[in-house]
Amino acid sequence: MIRELVVVSGKGGTGKTSITAAFALLAEKIVLCDADVDAADLHLLMAPRVLGSSDFMGGSKAIIRKKDCTACGRCRDLCRFTAISEDFVVDPISCEGCGVCVDLCPEQAIDFPVQKCGEWFVSDTRMGPMVHGRLGIAEENSGKLVSLVRREARELAEKQGLQLILTDGPPGIGCPVIASIGGATALVIIVEPTVSGLHDMRRVAQLAVHFKVPGLVCINKYDLNPEMAGRVETFAESHNMRVMGHIPFDPVFTQAMIAGQNVLEHAPDSTAAAAIRKVWQEILRFPAMNTLGIKDFSSNIQ
Amino acid sequence: MIISIASGKGGTGKTTVATNLALSLGDGVRLLDCDVEEPNCHLFLHPVMTDVQDVTTCIPVIRQEACNGCKKCAEICRFRALTVVAGKVLVFPELCHSCGGCIEVCPEKAIDEGYRVLGVMESGKCGELGFAHGRLRVGEAMAPPLIRKVRASRNGEKTIIIDAPPGTSCPVIAAMRGTDFVLLVTEPTPFGLHDLRLAVEAVKLLGIPCGLVINRADMGDDGVREYAEREGIPVLLEIPYDRKIAEAYSRGSLIVEVMPEWAERFRRLYSGIVTLAGSSGRQQ
């Protein structure tokens, strides 16, 4: 059974990508997946060799053919996104792609071509295969691209007999995050001990409950405010989320990033590296992650 | 004067800059927290909220007795929010983009406008500072309409400061679009630089003048500064990494509270923005 761990945080900049990259070194036989298609960074630590790239075709956008348009104004009346100007030009950024104007234009003067909204890639890295994407600037449909990248990662895992997908998730709790977590084995929630870190983690925890995915908590930069780290822990425990461990604030994270490496490669003897190894061991102990769970159970019966 | 504060990468200090800047300016300023997925400004400002309202979007409600199962509504819906099963229309409200196509096209006029709650907007004051933020309902995917609602909140202030969400996709565009200036906040690291480039592309697409704040300016490398120089993006403020600032942030305190001398720097940052926005306005 293929398992998927999705690393999320709610708040941005808590260390999702750095920690995902370090986990990738510790995990064996994995597929890496970067689901932060909006501002993907994992490739900066992975130096992926792109084996194949494909266009991501998202929604369609309306384009009015000037020569066929009689300026009747029907499209402007219909458009709820005020995307059509007085001289009947569709603003592609405002166009939601609903196609209502296209269908109801009395002159049938509106085209509706499918748009390329981004790209996605299958790559090879020193930690194994990686599936990643890049949403075009100012594009919509980030959730669709996330779902696509995750689906491709799963197919790749099945094809190559790899048991674990490690997914670097986006920040927030909206569309791309919702697309990142459905059907995951567990979320690893990276929290920093700040008022905003705790606030944002609460919301991502609620989202995890909403989509019935278990949440595991990892407190990064915990020594920045040990009292707040304690509050994060209390919150996690009272909401049935296990705390996997604490990682100290350490400039080696930044140094590793500059070197294009993960923390374990760059500073294997650092306290941060030791803490990450411990967190990973804890994650592997989580029952849903135990690849032998079902087998063990049946052997007990025998 | 509307200033949006954006970054590409999360956690670079947008909220820090937005709150400190707004508070340093005070009277006649309104701060709009448009990071509706994870709004944080209120944690630092503790505004007194005087108004709370649900923000909704319209969805179709089928009057089954009037529906003859013709499927026209399902056919026009590009978001697959409607489907017809055994002559009955099923609505999936969470997929609806509120385009109104189904209502328009129904020959039996059997579809009414209902609504789905996207989240709440709260507004109030923090001393002299006007304040509003949106909070997306957990499980709701669609942030832009809520962001636009928060953007429209106004109480006579002349200066509007917008704290935008991270990224470069539709929620960020909803927060940045139509503003007079984009203040980009980054950190001088490879991640910071990579995501800054994306943010700059978005700003260029919208044709808005921009400037840069480098946060934790002494951690990392020179990539961001070199890039800014090459691109001609003015660096308006550098905030050093200071454990005192980081700890204050973790407790929910502002820089200007623990180091009052910073208020003057944020006011100077504002003057710099006014100059840049003004000169580019004249060019246009």
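Visitor: What is the mean pLDDT of chain B, and what share of its residues reach 70 or more?

Guide: Chain B averages 96, and 99% of its residues reach 70 or more. pLDDT is the predictor's confidence in each residue, on a scale from 0 to 100. The model is predicted: local features need pLDDT of at least 70, side-chain atom pairs count only at pLDDT 80 or more, and totals for chains, interfaces and linings use all residues. Residues are numbered from 1 along each chain as its sequence is written, while chains are lettered from A and ligands numbered from 1 in the order in which they are written. The model scores ipTM 0.94 and pTM 0.95.

Visitor: What makes S10(A) and S11(A) a parallel pair?

Guide: Strands here are DSSP runs (E, at least two residues; helices are H or I, at least four), numbered from the N terminus. Two strands pair if DSSP finds at least two bridges between them. Strand S10 (residues 215-220) and strand S11 (residues 242-247) of chain A share five bridges, in the parallel sense. So they count as paired. Ile219(A) stands opposite His246(A) in S11(A).

Visitor: Why is the crossover from S10(A) to S11(A) called right-handed?

Guide: Point the strands away from you: the crossover is right-handed if the path from the first strand over the helix to the second runs clockwise. The chain passes from S10(A) through helix H8 (residues 226-238) of chain A to S11(A), and this β-α-β crossover is right-handed.

Visitor: Why are S3 and S11 of chain B said to stand at the edges?

Guide: The open sheet of nine strands in chain B runs S3-S6-S7-S2-S8-S1-S9-S10-S11, with mixed pairing. Strand S3 (48-62) and strand S11 (235-239) of chain B each have a single partner strand, so one side of each lacks a neighbour in the sheet. Inside this order, S6 (residues 111-126) and S7 (residues 129-136) of chain B run antiparallel, joined by eight bridges. Ser123(B) has Ala132(B) in S7(B) as its bridge partner.

Visitor: What makes up the side of chain B that touches chain A?

Guide: Residues are in contact if their C-beta atoms, placed from the backbone, lie within 7 Å. The contact takes 50 residues from chain B and 50 residues from chain A. Elements giving two or more residues to the chain B side are helices H4 (101-105), H6 (170-176), H7 (190-206) and H9 (243-251) of chain B. H7(B) gives the largest share, eight residues.

Terms used. Two residues are in contact if their C-beta atoms, placed from the backbone, lie within 7 Å.
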